[in-house]
Each structure stands twice: as C-alpha cells, then as structure tokens.
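Please read this briefing with the sequence and the structure side by side, and look up each residue as it is named. The points are grouped by topic.

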Amino acid sequence: MSTIAFAGAGLDRADHIRSDPAALEGLMDWRARLLRLDGLDPVIDPEGRLSWGTLGDAGADSELVFLGMGEGKACFAEVPPALNGSVAPANPRLWAAMSALDSAELATYGGARALVDWHARHRFCARCGAPTKLAKGGWQRNCTGEACDAQHFPRVDPVTIMLVEHEGNVLLGRQPRFPPRRFSALAGFVEPGETIEEAVAREIHEEAGVRVRDVIYVASQPWPFPSSLMIACHSHTDDPAITIDTTELDEADWFTRAEVVQAMAGDETARFIAPPPFAVAHHLLKWWLENG
Ligand SMILES: [Zn+2]
C-alpha cells in the first residue's frame, strides 16, 4: 500500500506525558513548539513545511493541546477562544497548502486539525450543558458542572468505503457533490450496533440495492474533516442489478478493469475521473488493480 494521506505522523504521542501534569508542565518552556494555524488551516513556511512558533505566540485565553514529542521538543497546538470549529473543507487554499506538505507533516497537521476542531466544538458538556475544560494535555475534556463529573474524549467517526466486485468489474458511484465525471467507491458511516462488515453490506444495499458477501478489510485512513476514520473494504456480489438511492447518489455503475486502469492513469479519454491520491478510494482502486 503506497502512502496514505494523513497517515504516518512523525510525532511520538507520549501518552505517559499526557497523563502526568508535572511532566507536561516541565515541557512547556521556551523550547516547546507551537503549530501555527490560520483558523484550522495550516500555515506553510517558504520551504513548503509546516510553520512552528513558540508557546509565547499563543493567545492568553487559548487552550493548548499537546500533540506529542518531535525531534526532542514538545509540540503543541492552540485552541483560541473564538474558534468555532469547521463545517466542511470546501476551501481551495487549504487543499493547495496541504499539497505542499510531505506525508509526515500532512499527518501531523491532520491530527492537530481534528483535535483542535474537536475542542472548539466541545466547550460544553453534552450531558449537563456546563462548560468543559481541557485535561490530559488535550486528549480529554472534563465537565466543570457540580455533581457531573463527565469526561469527554476526542471523537473518531468510523466510515466504511468499499468496492463491490462482480465477474471482474467493480461498482462505483457518483455523489451529487462530486466534480463532473468523478466516480468513487460507495461510502457511509458505521452505525451503532453493527460491525464494519455489516455496515459495508447495509450501505451498499441502501445506496445501490446490491447484496454483497465476503467483505474484507483493505486499509484505513484518518480523515480530519472533521474526524472520520475511513475504513476501506472489498466485497463481492452474485447479482449485479443496481437500484440507486437518488438521495445519496446521482449514478452508480459497473466498470471494467481496463476502464479503471485508464482512469487511474489520468487518461482524459477514460470513462470516468478516478478519486484523487488524497482519498483512500484511490488506494483502494489501486489495491484492486494489483490484488483483485
Ligand atoms: Zn456535565
């Protein structure tokens, strides 16, 4: 599997430091590094790398999250009080900035973004409504309400994304928000009370009316918009008849191996435009060409 975007951060998460307030305090000096963010977007230095400052650059009312240890230095990110949290990453500048980063820095940024965003969206207790405060170096928030000692943890939302194979062809679909001619693997959130395999089968049946068997796991990807974990899977079907759910998809169809090869090569005459290398669907299709 080639490098998956947002995976492989170079920082040591150093959990033993998170849970030791004295040790954490001891690292918060002039040597510590503060990741520069513009809202939730990365700030890129002239060398095309993430830009870091010192803790002195943080606002007085900001909360600081401990990202981990990098090159012997404690690395932090800032949650300013006015940050409201993300809605959607429909920001061409963000994608251009992320394209400039190497894979380890992109992963560091992605993790920091997801964590900072979570803090910004969880300033109040979901149980009692009282303010929450940062704990464990930013990997927890505790309720400050009287008689409520709720603890809240950064969330990760599992999303399945999957190929279905039938007689050497794969099922791909088009969501209404996709750019023209883009097709990709179908995807959907895992729901409470189901396994990954059950979520794959349910989503494909809901969206395309296809019953699948033999679901296998292929790869995963942290996707910080805002906090997904993409779980890429493969499956088979014995009945290729498609009935699409038009609230989810504009179109779904079967594609031959040759059509996928052509699209993945970026050929303009290909039947469809493949998902970009940032997306785990790209790696899933590549895996299928090599292993399917
Ligand atoms: Zn509470």
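L50 is found in the loop between β3 (41-42) and β4 (52-54), where helices (H or I, at least four residues) and strands (E, at least two) are DSSP runs numbered from the N terminus. L50 is buried, with a relative accessible area of 4%; buried means under 20% relative accessible area, exposed means over 50%, and partly exposed lies in between, as computed with a 1.4 Å probe on protein chains only. The C-alpha atoms of L50 and P179 are separated by 29 Å, and the two residues are 129 residues apart along the chain.

This is a predicted model, in which local features need pLDDT of at least 70 and side-chain atom pairs count only at pLDDT 80 or more, while totals for chains, interfaces and linings use all residues. Residues are numbered from 1 along each chain as its sequence is written, and side-chain values use heavy atoms, with hydrogens and water left out.

**The zinc site**

- The protein donors of the zinc ion are C125, C128, C143 and C148, each through its SG atom, and they lie 2.2 to 2.4 Å from the ion; donors are N, O and S atoms within 2.8 Å of the metal (3.2 Å for Na, K and Ca), and because water is not among the atoms, sites may look incomplete.
- The site of the zinc ion is tetrahedral, with angles of 96 to 118° among its four donor atoms. Four donors count as tetrahedral if all angles lie between 85 and 135 degrees.
- For comparison, the ideal angle at a metal with four tetrahedral donors is 109.5 degrees.
- Along the sequence, the donor residues of the zinc ion follow the spacing C-x2-C-x14-C-x4-C. C125 lies in the loop between α4 and β7 (132-135), and C148 in the loop between β8 (140-143) and β9 (151-152), so this pair ties together parts that are 23 residues apart in sequence.
- Both C125 and C148 are buried.

**Salt bridges**

- The structure holds 19 salt bridges, a salt bridge being a side-chain nitrogen of Lys or Arg within 4 Å of a carboxyl oxygen of Asp or Glu.
- One of them joins K136 to D15, with the closest N and O atoms 3.6 Å apart. K136 lies in the loop between β7 and β8 and D15 in helix α1 (residues 15-18), so the pair ties together parts that are 121 residues apart in sequence.
- K136 is partly exposed, with a relative accessible area of 33%, and D15 is also partly exposed, at 40%.
- R141 forms a salt bridge with E63, where the closest N and O atoms are 2.9 Å apart. Since R141 lies in strand β8 and E63 in strand β5 (residues 63-70), the pair ties together parts that are 78 residues apart in sequence.
- R141 is buried, with a relative accessible area of 2%.
- D253 forms a salt bridge with R271, the closest N and O atoms being 2.8 Å apart. D253 lies in strand β15 (residues 251-255) and R271 in the loop between α6 (257-264) and α7 (280-291), so the pair ties together parts that are 18 residues apart in sequence.
- A network of salt bridges links E191, E194, R202, E203 and E206.

**The second largest pocket**

- The second largest pocket has a volume of about 490 Å³. On a 1 Å grid over the protein atoms alone, a pocket is an open set of points with protein on both sides within 12 Å along at least five of seven lines, and its lining residues have an atom within 4 Å of a point; the volume is the space filled by probe spheres set on the points, which are joined across faces, edges and corners.
- The second largest pocket is lined by 23 residues, and R13, G110, G111, A114 and W139 lie nearest its centre.
- The largest share of this lining, eight residues, comes from α4, while α4 (103-121), β13 (213-223) and β14 (228-236) each supply at least two residues.
- By class, the lining has 16 nonpolar, five polar and two charged residues, where Ala, Val, Leu, Ile, Met, Phe, Trp, Tyr, Cys and Pro count as nonpolar, Asp, Glu, Lys and Arg as charged, and the others, Gly among them, as polar.

**Backbone details**

- The peptide bond from F225 to P226 is cis, with omega near 0°, and P226 is placed in the loop between β13 and β14.
- D214, which lies in strand β13, has a positive phi near 55° although the residue is other than glycine.

Conventions. On a 1 Å grid over the protein atoms alone, a cavity is a set of points where a 1.4 Å probe fits but cannot get out, and a pocket is an open set with protein on both sides within 12 Å along at least five of seven lines; lining residues have an atom within 4 Å of a point. Four donors count as tetrahedral if all angles lie between 85 and 135 degrees; four count as square planar and six as octahedral if opposite donors are over 155 degrees apart and all others between 65 and 115; anything else is irregular.
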